[in-house]
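Biologist: I have a model open and would like to learn how to read it. Can we go through it feature by feature?

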Amino acid sequence: MPHRVFQKSKPKAIICRLPHLGMNRQNFIDDFKRYYGHRLGRDENCRSPHYAYEALSMAISDRMIERWKNTFNAYQESNCKRAYYLSMEFLMGRSLSNAMLNLGVSDIVSKAMYDLGLDLEELEEIEVDAGLGNGGLGRLAACFIDSCATLQLPVTGYGLRYEYGMFSQSISNGEQIENPDHWLKNGNVWEIERPEFSQMIKFGGRTDIYIDEHGQERRCWVDTHDIVAVPYDTPIPGYQNGTVNTLRLWKATATEVFDLQEFNAGDYAESVASKNNAENITMVLYPNDANENGKALRLQQQYLLASASLQDVVANWVAHNGSDFTHFAEKNCFQLNDTHPSIAVAELMRLLMDHHGLGWTKAWDITTHTMAYTNHTLLPEALERWSVGLMQHLLPRLMEIIFEINAHFMAEVSAHWPGDSGKMAAMSIIEEGHEKQVRMAYLAIVGSFSVNGVAELHSQLLQQGLFKDFYDFCPNKFNNKTNGVTPRRWLAACNPDLAELITKTIGDSWVTDLSQLEKLKPYATNKKFGDAWYKIQQSSKQRLIDYNKQEMNIELDVNSLFDIQVKRIHEYKRQLLNVLHVIHLYERIKKGDIGNWTNRTVLIGGKAAPGYVMAKNIIKLINNVANVINNDPDVGNKLKLVFMSNYRVSAMEKICPGADLSEQISTAGKEASGTGNMKFMMNGALTIGTLDGANIEIREEVGEENFFLFGLTETEVEELRHHYNPQGMINEDEDLNKVMNLLECGHFNQFEPGIFDDIINSLKSPHDPWMTIADFRSYINAQKQVELAYNDKKRWTKMSILNCASSGKFSTDRTISDYNHDIWKLDTIKIKAK
């Protein structure tokens with residue numbers, strides 16, 4: 001038999017026009033059975049509900065992928081300008097319920113699962129939260145990409161695919177225990193690996209100088225230790241509009257995963273050392289950077305994100321435009337979410353010059369017309385700084401570029417302020433000293449055409465304080481973009497009963513135009529509507545009670561005031577002030593001062609960074625105080641204190657519908673914006689807070705009569721610093737004195753003497769930057785106003801309705817529209833089903 005001869009030929013495009021997937025009940029039943037039985041190999045003998053969750057998720061994912069391809073093709077055909085959102089965090093939460101909502105199939109799927117003998121809510125609970133973020137920064141990024149898809153804007157999210165999240169928190173003896181958060185242990189049905197778009201990332205090595213074919217001096221980064229960044233894509237559906245955008249996450253892998261010679265020689269550990277070292281880069285969200293190894297790992301994470309993402313965009317440009325970068329800036333915009341990805345400024349310069357032959361001037365012009373920087377903090381210590389030595393070791397070519405960027409910039413500063421060496425030192429990207437540091441926020445400012453804060457006060461303070469010199473030098477760069485949250489997840493999905501009442505009352509257009517909630521204001525005094533609103537809130541509180549009982553086995557009173565503070569544990573967020581108030585209430589109960597008493601349940605939740613000792617001590621104090629109060633028969637239901645462990649997105653989806661009071665009590669001038677305050681407001685909770693972050697704008701929207709204000713203003717805080725005397729305030733305030741006495745005498749740590757001394761000393765220190773003691777009396781008085789309002793059910797319900805009705809400004813749809821109008825300037829791309 002003659003041998004068959006195969007000739008190599010150019011690959012042909014595969015014709016793959018599939019029939020449109022149905023969206024009715026039977027379609028979902030059929031697809032569920034097919035995946036459950038064939039793809040997953042399960043049958044009626046399977047007892048694990050995880051496979052049912054996976055089968056349903058695959059069926060839903062198929063519908064998204066269908067629209068995903070249509071979206072990709074529409075963007076390609078329109079040759080539209082695109083934006084890229086670079087963020088170290090994307091705190092996505094669970095995907096199943098959000099995907100069904102945005103596809104418009106939640107009710108249909110619920111009925112389909114019922115026909116199969118399954119409960120959709122139980123399947124939704126099986127999904128683990130994606131461990132891709134920690135707090136507000138990551139949740140904001142997730143809300144942003146939801147809104148980009150809903151507004152049909154061509155925006156791609158870029159982040160890192162962490163094998164483990166920050167950590168899973170448990171509490172033992174009142175102390176935080178950090179456990180690995182292996183969220184990927186069962187795989188991730190929502191992602192697709194795209195190895196064909198992998199990028200090579202360089203570390204170490206040195207720079208060579210050579211002359212190119214045009215006689216130009218060039219630099220080449222050589223002798224590097226390389227790793228491979230492999231992309232995993234997740235579809236991001238818009239709300240019932242056919243658009244599905246992309247979140248691309250990078251995983252670090254080795255160029256050679258296995259050294260066979262080492263293995264055969266018997267050195268099994270060394271044979272996979274390269275693989276392990278590479279994968280460490282994306283192993284854990286925010287490695288502890290208290291040591292040099294931790295710092296190096298964190299810098300590697302940030303560079304991998306920037307380099308892989310920029311290489312990806314540039315490669316796509318070259319594939320369609322060749323080496324002509326003339327119109328690159330007109331078609332691309334990079335939004336840097338906080339300072340973490342700011343190394344992107346130098347990396348884009350490297351790619352344009354070293355890989356594509358552009359000169360400095362042209363490369364810099366492109367870079368400074370494509371980069372935009374969002375700042376999220378007023379705390380100087382939170383701005384990224386890397387030692388020059390570390391940068392030269394890990395990223396020598398990048399360090400050369402940063403030196404040159406700084407030299408050019410210093411020449412501009414000198415021309416603007418001749419002879420002002422102090423100004424040059426203050427604005428230099430390189431901070432001089434015993435160990436030179438690279439100020440990454442300054443690099444982002446210098447290399448960007450837009451610099452924005454995330455609340456009106458925050459942006460003002462950046463311009464007047466932290467970045468004042470830069471604002472004076474280039475004021476047109478600076479702008480404000482007040483944060484928001486997506487109403488799809490944070491009202492429509494997490495509070496379906498309230499969403500249904502709102503829709504029955506004013507229609508459903510509020511889901512994509514939150515300003516429509518204004519139409520609820522006339523109903524704030526409508527008894528029938530108010531009664532329905534109150535009933536829904538009580539049901540939400542009962543669900544929260546049931547959830548807490550599952551987690552902690554504690555009995556709570558649904559009629560008590562649910563007073564909630566859930567956020568990252570940090571001194572400036574002042575969980576301590578909340579605890580001082582709880583101790584004050586406890587002291588009142590013990591002495592019999594319970595006239596006109598309002599039963600109160602205080603819920604606090606949040607994680608402390610593993611290396612943040614004071615924050616972990618605060619968690620311990622909260623739990624010790626809770627243990628005393630909750631087990632005191634004199635207290636009973638009058639007061640409960642609960643620390644909710646392992647706070648995460650899926651927990652917040654149960655918490656915010658059940659909140660009566662939202663605690664937003666940071667020291668004025670310290671919180672950039674906050675987004676938890678917006679989620680609570682959107683669900684009808686009332687806010688007690690300082691004039692800080694977005695609280696100011698929340699109060700402006702809802703009216704001062706529907707907001708419980710307390711505390712010093714930012715200006716008053718700064719004025720008081722010079723003569724702050726907390727001990728004098730303690731001596732003059734009888735209630736505060738009693739609270740401090742309970743702390744100092746060891747009432748809450750009788751068998752652990754001295755463990756709260758650091759907390760007590762920080763509260764009493766005249767150098768306490770958070771000025772907790774200074775706001776105590778004002779806070780107590782505001783809490784009394786809360787009690788008066790809560791005891792008047794009619795008044796409280798009215799205030800609750802008005803808070804929800806006034807939350808329209810705080811949708812990320814509005815925020816993203818502002819970004820697009822002022823910064824990105826993208827066209828809306830309508831998607832047609834094919």
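Modeller: Let us start with the rings. This is a predicted model, and it holds 28 aromatic pairs.

Biologist: How is a pair of aromatic rings described?

Modeller: Take Tyr 85 and Phe 144. Their ring centres are 5.6 Å apart and their planes stand at 65 degrees, so this pair is edge-to-face. The cut-off for that label is an angle over 60 degrees.

Biologist: Which parts of the chain does the pair link?

Modeller: Distant ones. Tyr 85 belongs to strand S1, residues 82–86, and Phe 144 to helix H6. They are 59 residues apart.

Biologist: Are Tyr 85 and Phe 144 buried or exposed?

Modeller: Tyr 85 has a relative accessible area of 2%, so it is buried. Phe 144, at 1%, counts as buried too. The cut-off for buried is under 20%.

Biologist: Which rings form a cluster?

Modeller: Ring pairs join Tyr 84, Tyr 158, Trp 250, Trp 317, Phe 325, Phe 328 and Phe 334.

Biologist: Which charges sit over rings?

Modeller: Here are two cases. Arg 42 has its charged end over the ring of Tyr 51, 4.2 Å from the ring centre. Lys 607 places its charged end over the ring of Phe 167, 5.2 Å from the centre.

Biologist: Now contacts. What does Thr 156 touch?

Modeller: Skip the residues up to four places away in sequence, and Thr 156 touches Ala 83, Tyr 84, Tyr 85 and Thr 246. Tyr 85 is the residue from our edge-to-face pair. Thr 156 itself is in strand S2, residues 155–160. Its relative accessible area is 17%, so it is buried.

Biologist: And which residues are in contact with Leu 443?

Modeller: Again, leave aside neighbours within four places in sequence. Leu 443 then has contacts with Ser 342, Ile 343, Val 345, Ile 402, Ile 405 and Ile 429. Leu 443 lies in helix H17, residues 440–447. Its relative accessible area is 0%, so it is buried.

Biologist: How should I read the buried residues of a helix?

Modeller: Start from the geometry. An α-helix has 3.6 residues a turn, so residues three or four places apart point the same way. Now see helix H18, residues 456–466. Its buried residues are Leu 457, His 458, Ser 459, Leu 461, Leu 462 and Gln 463.

Biologist: What covers the buried residues of H18?

Modeller: The cover includes strands S16 (450–453) and S17 (478–480). It also includes helices H19 (468–473), H27 (695–702) and H28 (714–720).

Biologist: Next, the backbone. Which residues have a positive phi although they are not glycine?

Modeller: Asp 223 is one of them, with phi near 55 degrees. Arg 574 is another, at about 60 degrees. Asp 223 lies in the loop between strand S8 (217–222) and S9. The loop of Arg 574 runs between strand S18 (561–566) and helix H23 (575–590).

Biologist: Is each of them buried or exposed?

Modeller: Asp 223 is exposed, with a relative accessible area of 56%. Arg 574 is buried, at 1%.

Key: Residues are numbered from 1 along each chain as its sequence is written. This is a predicted model: local features need pLDDT of at least 70, side-chain atom pairs count only at pLDDT 80 or more; totals for chains, interfaces and linings use all residues. Side-chain values use heavy atoms; hydrogens and water are left out. Buried means under 20% relative accessible area, exposed over 50%, partly exposed in between (1.4 Å probe, protein chains only). Helices (H or I, at least four residues) and strands (E, at least two) are DSSP runs, numbered from the N terminus. Contact means heavy atoms within 4.5 Å. Rings of Phe, Tyr and Trp (its six-membered ring) pair if their centres lie within 6.5 Å; planes under 30 degrees apart count as stacked, over 60 as edge-to-face and the rest as tilted. A charge sits over a ring if NZ of Lys or CZ of Arg is within 6 Å of the ring centre and within 35 degrees of the ring normal.
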